[in-house]
Amino acid sequence: MIQCCGDAITEKIFANIKNTKCFTIMTDETTDISIKEQLAICIRYFDTTSYQIQEKFFKFIDVVDVSGENIARTILQELDRLSLDISYCHSQAYDEWQMSAT
């Protein structure tokens, strides 16, 4: 039941994003409490029904390889899965912070 509700909400959000033909993708790599690397993905877009900028957390994706190449590939695969055209992505934001051993 929860999955169905989540899918319905996601479908509505992404229908709005596809309608605007302009979005920003924001990602950050994080490690959860079980020491699993995850990529957090948020999407920012202008909602044509409310006439407001919306910023929505979309999902966490488990990643083993946190290289820039793999993160880019993961993002592109997710956008493709959602049928979002990358040519409408007008901005990107990433945050990477690594602690070096001293």
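These notebook entries record what I looked up in a predicted model.

**Entry 1: basis.** I number residues from 1 along each chain as its sequence is written, and side-chain values use heavy atoms, without hydrogens and water. Because the model is predicted, local features need pLDDT of at least 70 and side-chain atom pairs count only at pLDDT 80 or more, whereas totals for chains, interfaces and linings use all residues.

**Entry 2: Thr20.** I located Thr20 in helix 1, residues 2–20; helices (H or I, at least four residues) and strands (E, at least two) are DSSP runs, numbered from the N terminus. I found Thr20 buried, at a relative accessible area of 17% (buried is under 20%, exposed over 50%, partly exposed in between, with a 1.4 Å probe and protein chains only). Its side chain reaches the backbone oxygen of Ile17 at 2.9 Å and that of Cys22 at 3.2 Å. Leaving aside residues up to four places away in sequence, I noted that Thr20 touches Tyr45, Phe46 and Thr48 (contact means heavy atoms within 4.5 Å).

**Entry 3: strands 1 and 2.** I then turned to strand pairing, which requires that DSSP find at least two bridges between two strands. Strand 1 (residues 23–31) and strand 2 (residues 37–47) run antiparallel and are joined by 9 bridges. Met26 stands opposite Cys42 of strand 2. The two strands form a hairpin with 5 residues between them, and Ile35 in the turn has a positive phi of about 65°.

**Entry 4: strands 2 and 3.** I recorded 10 bridges from strand 2 to strand 3 (residues 52–62), again an antiparallel pair. Ala40 has Phe60 of strand 3 as its bridge partner. This hairpin has 4 residues between its strands, and Tyr51 in the turn has a positive phi of about 55°.

Key:
A polar contact is a pair of N or O atoms within 3.5 Å; within protein, one must be able to donate a hydrogen and the other to accept it, and residues adjacent in sequence count only if both atoms are side-chain atoms.
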